[in-house]
Amino acid sequence: MSLLRDHDFRGLFLADSASQAGAQILLLALPLVAVSALRVSEFEVGLLAACQTLAFVLIGLPAGAIVDRLRKRVVMVVADWARAAALASVPLAWWLDALTIHQLYAVALVLGVFTVFFDVAYQSYLPHLVGRERLVAGNSSLEIVRTVAQLGGPSAGGYLIQFLTAPFALSVTVAGFAWSALCLGRIRKREERQGARRGHLGREIAEGVRFVLGHPLLRRITACTATSNLFSAMAFPMVLLLLARELGLAAGTIGLLMAAGGVGGLAGALVNARIARWLGQGPTMWVAIALPAPLTFVLPWLEADWRLLLFGLYEFCVGASVVVYNVTQLSFRQAITPEPLLGRMNATIRFVVWGTMPLGGVIGGVLGEVIGVRNTLLVAALGACLAFLWLVTSPLRSMRELPVPASATQ
């Protein structure tokens, strides 16, 4: 945390704090606007969830190459102001009694587009800001922000929604995006624009795609993550419908239950290195995906009684496993990829693994209409138990140390 004495890093730290807190409120508030304020159908809730991640399919591949041609700080500032403006239209329309589900679809799409650009720029900006020799310290400081946001964000967001109503709770997220933009604007260190030295955009994108699809282990990791995300995206909007509509839980209670995922994430961060040393890197990945999957079968049987404790346990275990899995597979991806391809490798994998999420949202919405919310959650639970097969049927099953080709260090 000594990096906080640095003026420019402090600006990024404060911007990230506001953005992460706002994102946790947005996670609950936007779908609850549709569920509780507009009383939309199961399919419409699923379609809204799909719109929130559709941008990763539409622009996920070119975003990395485009951001590399621009100044990252400027991209982040523009993205923050654009997200604030789009989101501010929701409470305004609600106040004017003009809010519709179609406006929520449009807002979700705009938020997704600018989130793609913000995330790609953000991941590439830290080395410029703090230098490669302080990357570990910088990432550790920002990881604290994410963990704290996951711990307190859902419960705080839930109570804000409960007392302000979901549409007006979004105003807090609008303020968070605006604050983030102002903090980023105060950073003094400026970048050189790299566009003049870049080649053909299509060729750059294709090179990243070929690298990911041509690598047997990266291909398996990508397929595993994409499968897990597909069924998670099917389940999440149905869980909100079940808790808020069928069980009648208050938004604050829902947020408090979901905060268990943040506690699990913190636990996973604390034990991840020990688990990787004990099991090895390859087994750690598939075990982290396989162990919590059966707990997904808790979701279809939830009632407003002691079984809500099982939902808290599910959130805790999934939160811990996601951190362990992501840290292990991301470290491998970074180690095995040559530096000039890092951005395009990340953009390609994000395109695939986030691209399954809008599909999952649509499938979940359709199934929710046809077979009901609880049966849809049962289908999602069955699918969640399949994701680990991509890894356990590959050489990763027993690899204690993942291979790093010499070319990755060039």
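A: Arg 39 is placed in the loop between helix 1 (7–37) and helix 2 (42–53); helices here are DSSP runs of H or I with at least four residues, numbered from the N terminus. The model is a predicted one, in which local features need pLDDT of at least 70 and side-chain atom pairs count only at pLDDT 80 or more, while totals for chains, interfaces and linings use all residues. Residues are numbered from 1 along each chain as its sequence is written, and side-chain values use heavy atoms, with hydrogens and water left out.

Although Arg 39 is not a glycine, its phi is positive, at about 55°. Most residues other than glycine have a negative phi. Arg 39 counts as exposed because its relative accessible area is 55%; exposed means over 50%, buried under 20%, and partly exposed in between, with a 1.4 Å probe and protein chains only. Asp 97 also has a positive phi, near 60°, and is not a glycine. This residue lies in the loop between helix 5 (72–95) and helix 6 (101–130). With a relative accessible area of 69%, Asp 97 is therefore exposed.

The largest nonpolar core contains 55 residues, and Leu 104, Leu 243 and Phe 311 have the most contacts inside it. Such a core joins buried Ala, Val, Leu, Ile, Met, Phe, Trp, Tyr and Cys residues through side-chain atoms within 4.5 Å. Helix 10 (residues 216–246) supplies the largest share of this core, 10 residues. Beyond its neighbours within four places in sequence, Leu 104 is in contact (heavy atoms within 4.5 Å) with Leu 30, Val 33, Ala 34, Leu 38, Leu 48, Val 90 and Leu 99. Another core, of 27 residues, lies apart from the largest one and includes Leu 12, Phe 13, Ala 79 and Ala 121.

Thr 356 belongs to helix 15 (residues 342–371). Because its relative accessibility is 16%, Thr 356 counts as buried. A polar atom of the Thr 356 side chain lies 3.0 Å from the backbone oxygen of Ala 226. Apart from residues up to four places away in sequence, Thr 356 touches Ala 226, Asn 229 and Leu 230.

Helix 11 (residues 251–258) is mostly covered, with six of its eight residues buried. These are Ala 251, Gly 252, Ile 254, Gly 255, Leu 257 and Met 258. Leu 257 and Leu 309 stand 52 residues apart along the chain, yet their C-alpha atoms are separated by 8.3 Å. Leu 309 is in helix 14 (residues 307–336), and counts as exposed because its relative accessibility is 69%.

A further subject is how helices meet. The axes of helix 4 (residues 60–68) and helix 9 (residues 201–214) are 10 Å apart, and the two pack at an angle of about 120°. These axes are lines fitted to C-alpha atoms over the stretch in contact, and angles run from 0 to 180 degrees between N-to-C directions. Leu 61, Pro 62, Ala 65 and Ile 66 in helix 4 meet Leu 201, Glu 204, Ile 205 and Val 209 in helix 9.

Key
Polar contact = N/O pair within 3.5 Å; in protein donor to acceptor, adjacent residues only side chain to side chain.
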